[in-house]
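Subject: Structure for you to look at

Hi,

Here is the structure I promised to pass on. Have a look at it first, then read my notes below.

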Amino acid sequence: MSAPEDEQQTLPKSRGRYLVAALPLVVFAGLAAVFLTQLQSGRDVNEIPSALLGTKAPALNLPALEGADRPALTTAAIQGKLTLVNVFASWCVPCRQEHPMLLELSKDPRVTVVGINYKDRNDNALRFLGELGNPYKAIGVDPNGKAAIDWGVYGIPESYLVGADGTILYKKVGPFDPETFQTQLMPAIEKALSGS
């Protein structure tokens with residue numbers, strides 16, 4: 001009679017092992033279903049919501065980029081103006097890709113373009129701007145990334161449209177391309193200028 005009892009004890013233990021072994025597969029399948037649902041939802045996965053939208057922009061008090069012949073980036077530099085705050089670095093390849101759009105925007109007298117130079121070397125930043133052109137009316141240096149943290153930067157480039165009253169109206173994670181420049185940024189600028 002001891003043999004059947006041993007078999008009965010072994011059977012539940014083996015089922016338990018199978019359940020434990022199958023658990024990672026079940027978790028993986030669940031996560032895959034969530035990710036697939038998000039991808040098929042039609043939402044742009046590059047659009048990361050920002051808790052700062054609709055709130056006052058964080059204070060700016062960044063030193064100037066030495067040698068750039070532009071003033072320091074302070075709150076006073078953007079106060080009372082519709083401003084695009086762009087976070088960039090010379091080592092950022094997508095920053096190079098969006099730079100022509102920033103140069104174009106800097107010609108629009110209705111908008112002030114300013115830059116936060118993120119975790120960059122001064123000489124590299126100067127070379128970057130010398131090679132590609134300087135769209136910024138003011139440039140602040142953020143060597144340790146503290147200002148970027150205050151602004152909620154996920155990665156660079158990142159841009160924030162700040163209203164004349166200091167409210168963050170629009171945020172773009174990643175580089176502008178001709179399409180996002182025309183279909184996202186310009187409508188946000190027009191909306192801000194019309195007061196609606």
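**What I found**

In the protein chain, 73% of the contacts with a separation of 6 or more are between residues 24 or more positions apart (contact means heavy atoms within 4.5 Å). Keep in mind that this is a predicted model, where local features need pLDDT of at least 70 and side-chain atom pairs count only at pLDDT 80 or more, while totals for chains, interfaces and linings use all residues. Residues are numbered from 1 along each chain as its sequence is written, and side-chain values use heavy atoms, with hydrogens and water left out.

**The overall layout**

The protein chain has 6 helices and 7 strands. Both are DSSP runs numbered from the N terminus: helices are H or I with at least four residues, strands are E with at least two. Along the sequence the order is α-β-β-α-β-α-β-α-β-α-β-β-α. Of the 196 residues, 38% are buried; buried means under 20% relative accessible area, exposed means over 50%, and partly exposed is in between (1.4 Å probe, protein chains only).

How many of the residues of strand 4 are buried? It is 7 of the 7 in strand 4 (residues 112–118), so this strand is largely enclosed by the rest of the structure. Thr 112, Val 114, Ile 116 and Tyr 118 point one way, while Val 113, Gly 115 and Asn 117 point the other way.

Strand 4 pairs with strand 3 (residues 83–88) in the parallel sense, over 6 bridges. For strands, pairing requires that DSSP finds at least two bridges between them. Phe 88 sits opposite Asn 117 here. To get from strand 3 to strand 4, the chain goes through helix 3 (residues 93–106), in a right-handed β-α-β crossover. Right-handed means that, with the strands pointing away from the viewer, the path from the first strand over the helix to the second runs clockwise.

Strand 5 (residues 139–142) also runs parallel to strand 4, joined to it by 4 bridges, and Ile 116 stands opposite Gly 140. The chain passes from strand 4 through helix 4 (residues 122–132) to strand 5, and this β-α-β crossover is right-handed.

**Salt bridges**

There are 6 salt bridges in the whole structure, each being a side-chain nitrogen of Lys or Arg within 4 Å of a carboxyl oxygen of Asp or Glu. Asp 108, Arg 110 and Glu 190 are linked in a network of them. Asp 108 meets Arg 110 at 2.9 Å, N to O, and for Glu 190 and Arg 110 the closest N and O atoms are 3.0 Å apart. Asp 108 counts as buried, at 15% relative accessibility, whereas Arg 110 is partly exposed at 37%.

Another salt bridge joins Lys 146 and Asp 150 (3.3 Å, N to O). These two are 4 residues apart in helix 5 (residues 146–151), so about one helical turn separates them. Lys 146 is exposed, with a relative accessible area of 53%, and Asp 150 is partly exposed at 36%.

Arg 96 is in helix 3 and is partly exposed, with a relative accessible area of 33%. Leaving out residues up to four places away in sequence, Arg 96 touches Ser 90, Phe 128, Glu 131 and Leu 132.

Cheers
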